[in-house]
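Here is a short briefing for a first look at a protein chain. Keep the sequence and the 3D view open while you read.

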Amino acid sequence: WQWLYTKDLPDRHFDAVAVMQATQHTDDWAETGREMLRILKPGRPLLVSEITISPRMRMTAELDLHLEAWLEKIFSRIGWQLDQTPYVSLDDLHAAFDGIVDAPEHLSWRGLEVFWARKKAA
């Protein structure tokens, strides 16, 4: 969906922006990234993260019958299939923020994916 959470906030208002459980919750990271940077002061940090259901996680679940069955039960009860879960990769985030941030970095650890960078100085 479109990221509207910050639309009423003033420009250059925050010293840092950190949004946890963020990467799967917007339909256009190039647009959302620009919006997050709009409310961030120049030179200040941005961080977004997600506990992902990545292709790697799905592959791992498929290798374990018990894990796969549990995930299928959980997802069937919320009315959606595991393979329909949106996934935005760290490479996608790097592409969305390319040229508009300084020093982009990321880490991936046990299903947690974190991207961070600094807003370009004015």
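Strands E2 and E4 (residues 112–119) run antiparallel to each other, paired over seven bridges. One of the residue pairs here joins Glu-50 with Glu-113 in E4. The model is predicted.

**Overall make-up**
- The chain has 122 residues, and 34% of them count as buried.
- Four helices and four strands are present.
- Read from the N terminus, the order of elements is β-α-β-α-α-α-β-β.
- The C-alpha trace spans about 55 × 30 × 20 Å along its principal axes.
- The accessible surface of the chain is about 7900 Å². Carbon and sulfur atoms account for 56% of that surface.
- Take the contacts between residues at least 6 apart in sequence: 68% of them join residues at least 24 apart.

**Strand pairing around E2**
- Besides its antiparallel pairing with E4, E2 (residues 45–51) pairs with E1 (residues 17–19) in the parallel sense.
- Three bridges link E1 and E2.
- Val-19 faces Val-48 of E2 across this pairing.

**A nonpolar surface patch**
- Which residues form a nonpolar patch on the surface? They are Leu-107, Trp-109 and Trp-116.
- Together these three have about 310 Å² of accessible area.
- Trp-109 belongs to strand E3, which covers residues 101–109.
- Is Trp-109 buried or exposed? Trp-109 counts as exposed because its relative accessible area is 53%, and the cut-off for exposed is over 50%.

- Most residues other than glycine have a negative phi.
- Ala-103 sits in strand E3. Its relative accessible area is 56%, so Ala-103 is exposed.
- Where is Arg-110 found? Arg-110 is in the loop between E3 and E4.
- Arg-110 reaches 74% relative accessibility and therefore counts as exposed.

Key:
Residues are numbered from 1 along each chain as its sequence is written. This is a predicted model: local features need pLDDT of at least 70, side-chain atom pairs count only at pLDDT 80 or more; totals for chains, interfaces and linings use all residues. Side-chain values use heavy atoms; hydrogens and water are left out. Patches are made of residues with over 30% relative accessible area and no salt bridge: like charges are joined within 9 Å, nonpolar side chains (Val, Leu, Ile, Met, Phe, Trp, Tyr) within 5 Å. Accessible areas come from the Shrake-Rupley method with a 1.4 Å probe; for residues, only the protein chains shown count as cover. A salt bridge is a side-chain nitrogen of Lys or Arg within 4 Å of a carboxyl oxygen of Asp or Glu. Helices (H or I, at least four residues) and strands (E, at least two) are DSSP runs, numbered from the N terminus. Buried means under 20% relative accessible area, exposed over 50%, partly exposed in between (1.4 Å probe, protein chains only). Two strands pair if DSSP finds at least two bridges between them. Contact means heavy atoms within 4.5 Å.
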